[in-house]
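Try each task before reading its solution.

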Amino acid sequence: MLLDRFLLASRGFEHHLRAVPPDGWHAPTPCPEWDVRALVNHMTRGNLNYVGLLRGATREEFLALREEDALGDDPVAAFTGSVRACAAAFAGEGALDRVIDYPLGKLTGRRALAVRTTDSTVHTWDLARALGADETLDPGLVAWIDEDYDAIFAGLALNSRVFAGPPPVAPGASRQDRLLTRFGRDPRRGGRPAR
């Protein structure tokens, strides 16, 4: 079920990725440090780095590779390949129970996949916003993240460098907007996001 959620979130990101126009790679995103290409690289490199963690990589190795280019000349193929590799790694025997050296704290593969799925979902909104596309996230993913947020992130060293402070929640905000606000986004204007 958790792996299915990761694949669902990844398909949402891929949907927008395939719609990036030739002149859209340098468009700004809600992530202040990243244009569209940098955001897509973050997602692609992130998937590959999680594979590394499951294979015994350290947090230092994860962070050292974080900004390294993983897209080459075909960002779509690079991203979809990274999703397949990440899914295969988490589907491996014992992977969900393995303790990994995640940069924000040690956690099981199961929780790491939940964090990865959450990151993929929220960054799908970032990409949609950057492209001026439909920003609606899968309501099932939104509900799951909203309901399980505390369990997903319990004990992790969340800080302002990784998670921006949330802006005020607008009166009458939707569940998606409330969730995005929790991750430092302001759905009305773009806001500063979680990293």
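**Exercise 1. Which residues is Asp146 in contact with, leaving aside its neighbours within four places in sequence?**

Solution. Keep in mind that this is a predicted model.
- Step 1: leaving out neighbours within four places, the contacts of Asp146 are Arg175, Leu179 and Arg182.
- Step 2: Asp146 has a relative accessibility of 23%, so it counts as partly exposed, since buried requires under 20% and exposed over 50%.

**Exercise 2. List the buried residues of helix α7, and find what they pack against.**

Solution. 
- Step 1: helix α7 covers residues 175–182.
- Step 2: its buried residues are Gln176, Leu179, Leu180 and Thr181.
- Step 3: these buried residues pack against α5 (109–131) and α6 (139–153).
- Step 4: look past the helix. Gly184 follows α7 and has a positive phi, near 85 degrees.

**Exercise 3. Is Ala78 buried or exposed, and which residues does Ala78 touch?**

Solution. 
- Step 1: locate Ala78 in helix α4.
- Step 2: with a relative accessibility of 18%, Ala78 falls under the 20% limit and therefore counts as buried.
- Step 3: beyond its neighbours within four places in sequence, Ala78 makes contact with Thr44, Ala70 and Leu71.
- Step 4: Asn41 and Ala78 are 37 residues apart in sequence, and their C-alpha atoms are separated by 8.9 Å.

**Exercise 4. Where is Ala133, and what is its relative accessible area?**

Solution. 
- Step 1: Ala133 sits in the loop between α5 and α6.
- Step 2: its relative accessible area is 28%, so Ala133 is partly exposed.
- Step 3: with neighbours within four places set aside, Ala133 is in contact with His16 and Ala128.
- Step 4: compare positions with Gly24, which is 109 residues away along the chain, while the C-alpha atoms of Ala133 and Gly24 are separated by 12 Å.

**Exercise 5. Which residues have the most contacts inside the largest nonpolar core?**

Solution. 
- Step 1: the largest nonpolar core contains 50 residues, and Leu17, Tyr50, Tyr102 and Val115 have the most contacts inside it.
- Step 2: the elements giving two or more residues to this core are α1 (2–17), α2 (36–54), α4 (75–91), α5, α6 and α7.
- Step 3: zoom in on Tyr102. Not counting residues up to four places away, Tyr102 touches Tyr50, Leu53, Arg59, Phe62, Leu107, Val115 and Leu156.

**Exercise 6. Describe the chain as a whole.**

Solution. 
- Step 1: count the elements. The chain has seven helices and two strands, in the order α-α-α-α-β-β-α-α-α.
- Step 2: The C-alpha trace spans about 45 × 40 × 30 Å along its principal axes.
- Step 3: Of the 195 residues, 51% are buried, and among contacts with a separation of 6 or more, 70% join residues 24 or more positions apart.
- Step 4: finish with the charges. The chain carries 24 positive and 26 negative charges, whose mean positions are 3 Å apart.

Definitions and conventions. Residues numbered from 1 in each chain as written. Predicted model: local features only at pLDDT ≥ 70, side-chain atom pairs only at ≥ 80, totals over all residues. Heavy atoms only, no water. Helix = DSSP H or I, 4+ residues; strand = E, 2+ residues; numbered from the N terminus. Buried < 20%, exposed > 50% of the residue type's maximum accessible area, 1.4 Å probe, protein only. Contact = heavy atoms within 4.5 Å. Lys, Arg positive; Asp, Glu negative; His and termini not counted. Charge placed at Lys NZ, Arg CZ, Asp CG, Glu CD. Core = buried A, V, L, I, M, F, W, Y, C linked by side-chain atoms within 4.5 Å.
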